[in-house]
Amino acid sequence: DMLLRPHSRIRVMEGAKDNLPDQEALRAGGAIRELAEALGADDLLLVLISGGGSALLPAPRPPVLLEEKQELTRLLASRGATIQELNTVRKALSLLKGGGLARLAYPAQVVSLILSDVIGDPLDVIASGPTAASSHSVQDCLRVLDKYELLTSLPRSVETVLSSSPAKPTAPEDYSHVFNVIIGSNALALAEAKRRAEELGYVAVVLSAAVCG
């Protein structure tokens with residue numbers, strides 16, 4: 001449907017219907033992982049990231065199954081977990097999120113152009129930060145699960161992954177090969193709206209860039 005030329009090198013892989021990770025998205029995540037792992041020092045990985053990227057790029061840490069991660073995400077969302085809390089858990093259980101994609105691509109250079117759907121534009125929360133150093137530890141993940149009373153009913157596979165996870169997040173210096181750029185966000189849109197309003201002769205004031213809910 002995208003009118004690609006015959007024999008195009010572009011591969012289109014769709015998935016994550018209704019913003020939920022599925023088998024098609026899992027297949028796409030696997031293809032992206034293979035591509036990143038094959039890169040060398042002379043390569044450049046261009047990554048385009050937007051909201052919804054968490055569901056589009058599932059790669060559960062073994063032995064966690066996609067269905068187990070789906071159910072845990074669904075339970076957290078149904079109990080009112082914020083996007084920051086959801087992505088804290090997703091990162092802990094993923095091979096690609098929480099900077100995983102960038103680590104796999106090393107030593108290639110990585111440039112990420114990012115459309116933010118999160119207030120404040122935290123790089124490690126937008127799409128669960130596949131190319132950004134995570135600011136969250138496994139302890140943060142455990143606190144979220146405890147808050148929503150899920151800590152005592154976790155699948156054994158999830159317990160296995162969390163118990164073997166590093167106590168501290170990966171150091172930011174491990175991402176010196178990465179350049180993350182916010183190219184669209186709530187704050188940028190407001191600033192441009194203010195600039196245009198002033199061009200038209202209005203006195204414009206941005207009251208807040210943090211309204212949500």
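Student: What is the volume of the second largest pocket?

Tutor: This is a predicted model, in which local features need pLDDT of at least 70 and side-chain atom pairs count only at pLDDT 80 or more, while totals for chains, interfaces and linings use all residues. Residues are numbered from 1 along each chain as its sequence is written, and side-chain values use heavy atoms, with hydrogens and water left out. A pocket is an open set of points, on a 1 Å grid over the protein atoms alone, with protein on both sides within 12 Å along at least five of seven lines, and its volume is the space filled by probe spheres set on the points, which are joined across faces, edges and corners. For the second largest pocket, that volume is about 300 Å³.

Student: Which element gives the largest share of the lining of the second largest pocket?

Tutor: Lining residues have an atom within 4 Å of a point, and this pocket is lined by 18 of them, with Arg-61, Lys-91, Ala-92, His-136 and Pro-166 nearest its centre. Helices (DSSP runs of H or I, at least four residues) and strands (E, at least two) are numbered from the N terminus, and both α4 (83-92) and α6 (138-147) supply at least two residues of the lining. The largest share, 3 residues, comes from α4.

Student: How many residues of the lining of the largest pocket are nonpolar?

Tutor: The largest pocket, with a volume of about 1,100 Å³, is lined by 26 residues, among them Arg-11, Ile-32, Leu-46, Leu-48 and Leu-57, which lie nearest its centre. Although α1 (23-37), β1 (44-49) and α2 (53-56) each supply at least two lining residues, α1 gives the most, with 7 residues. When Ala, Val, Leu, Ile, Met, Phe, Trp, Tyr, Cys and Pro count as nonpolar, Asp, Glu, Lys and Arg as charged, and the others, Gly among them, as polar, the lining has 5 charged residues, 4 polar ones, and a nonpolar group of 17.

Student: How much space lies in the largest cavity?

Tutor: A cavity is a set of grid points where a 1.4 Å probe fits but cannot get out, and a search of the whole structure finds 1 cavity of 30 Å³ or more. Its lining is formed by Pro-21, Ser-54, Ala-55, Pro-58, Lys-69, Thr-73, Arg-90 and Lys-97, and α2 and α3 are the elements that give two or more residues to it. By class, that lining has 3 nonpolar, 2 polar and 3 charged residues. The space in the largest cavity is about 50 Å³.

Student: Where does Pro-107 lie?

Tutor: Most peptide bonds are trans. A cis peptide bond, however, joins Tyr-106 and Pro-107, with omega about 15°, and another joins Pro-62 and Pro-63, with omega about 10°. Pro-63 lies in the loop between α2 and α3 (66-78), whereas the place of Pro-107 is in the loop between α5 (100-105) and β2 (109-115).

Student: What is the relative accessibility of Ser-128?

Tutor: Most residues other than glycine have a negative phi. Ala-16, in the segment before α1, has a positive phi near 55° and is buried, with a relative accessible area of 10%. Ser-128, in the loop between β2 and α6, also has a positive phi, near 65°. Ser-128 counts as buried because its relative accessibility is 0%.

Student: How far apart in space are Arg-27 and Pro-58, C-alpha to C-alpha?

Tutor: Arg-27 lies in helix α1 and counts as partly exposed, at 47% relative accessibility. Arg-27 and Pro-58 are 31 residues apart in sequence, and the distance in space between their C-alpha atoms is 8.6 Å.

How values were computed. Buried < 20%, exposed > 50% of the residue type's maximum accessible area, 1.4 Å probe, protein only.
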